[in-house]
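Please look over the sequence and the model shown here, and then read the short report that follows, which moves from the whole chain to two of its details.

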Amino acid sequence: MSLGAIPGTGPATSPLSVIRKIKPKTFADLPADRTLVMGILNVTEDSFSDGGKFLDSGAAIEQGLKLLYAGADIIDVGGESTRPGAADIDPKIEQARIIPVIESLVKAGAVISVDTMHVDTARAAIAAGAHIINDVSGLTHEEGMPELIAHTGVPYVLMHRRGTASTMVTEAKYDDVVAEVVAELRELRDKFVAAGVAPEQIILDPGLGFAKDAEHNWALLAHLEKFEALGHKVLVGTSRKRFLGELLAEAGKPREPLGRDVATAATTVLAAREQAWAVRVHDVQGSRDALEVVRAYGSH
């Protein structure tokens, strides 16, 4: 998609912010002295928090620019909902949703992560300029994904999940959730390394909310050092998730997703104190503010 075809980038005016092409950024350009903020951009119709709001490519690009200007270090673009119970979509539909958005945001200077479980989509996203593949499929990754990541050399988020979106709730059974998730992630990591993926490409995500209940999530969040000990960067994703809504419940009713941002920012502080590489959030400004508090506190 050319910039001339995007509303707000040609001679005509529209509500969409003007995109000015600047020098493309790379993964190597990301700050290395603090926890990074990955802003969530759901180009979907049924994501649990903002499904449908950014399904139109123009709206998605506009939101991506807002995340960038709010201080997102990385923008995580997804075209398929991964909430529990979500239906699978055709990768061609997924690509039609996200590729124009990736191309435009890369031209605007954003570092782009792509939230996909599909090899074909990952390949197309990398060709469009994406810098990172964020795969939530966990133990059920598609055949060919390790080889693609090894061949392209892009950083890859390896997240823990048992089962699929439709079955993972029933898979949330552990005797020792921390030990078991660490062991299963290690085994999955070893498969990717055996396929030729360099260890430094791999970013680990404990997969909070994916085949885990609230107690599992809190236990994992309290033991991030176990994942750091595997020798890779660690990404933490708590944003607006159900376990925060349950924590903030009133009269037995969980807090709605949009009311969970302050609690999310608190988990950003916890993750940063454990030296997590990045947090994945909807409210970029809130987490950037939280990280400033961590920085100021740590300097005294």
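## The chain as a whole

The protein chain, seen here as a predicted model, contains ten helices and eight strands. Of its 300 residues, 54% are buried.

Two packed helices are described by the angle between their axes and the distance between the axes. For helix 1 (residues 57–69) and helix 2 (residues 91–107), the axes come within 9 Å and cross at roughly 35°, and the crossing is right-handed.

On the side of helix 1, the contact is made by Ser57, Ala60, Ile61, Gly64 and Leu65, while helix 2 contributes Pro100, Val101, Ser104 and Leu105.

Rolling a probe the size of a water molecule over the atoms shows where empty space is left. In this model, the second largest pocket holds about 250 Å³ of space, and its lining consists of Asp33, Arg34, Thr35, Ala272, Arg273, Gln275, Leu291, Glu292, Val294 and Arg295.

Helix 9 (261–273) and helix 10 (284–298) each supply at least two residues of this lining, and helix 10 gives the most, with four residues. The lining of the second largest pocket includes five charged residues, together with three nonpolar and two polar ones.

Key
Residues are numbered from 1 along each chain as its sequence is written. This is a predicted model: local features need pLDDT of at least 70, side-chain atom pairs count only at pLDDT 80 or more; totals for chains, interfaces and linings use all residues. Side-chain values use heavy atoms; hydrogens and water are left out. On a 1 Å grid over the protein atoms alone, a cavity is a set of points where a 1.4 Å probe fits but cannot get out, and a pocket is an open set with protein on both sides within 12 Å along at least five of seven lines; lining residues have an atom within 4 Å of a point. Grid points are joined across faces, edges and corners, and a volume is the space filled by probe spheres set on the points. Ala, Val, Leu, Ile, Met, Phe, Trp, Tyr, Cys and Pro count as nonpolar, Asp, Glu, Lys and Arg as charged, and the others, Gly among them, as polar. Axes are lines fitted to C-alpha atoms, for helices over the stretch in contact, and angles run from 0 to 180 degrees between N-to-C directions. A crossing is left-handed if the near helix is turned anticlockwise from the far one by less than a right angle, and right-handed if clockwise. Contact means heavy atoms within 4.5 Å. Buried means under 20% relative accessible area, exposed over 50%, partly exposed in between (1.4 Å probe, protein chains only).
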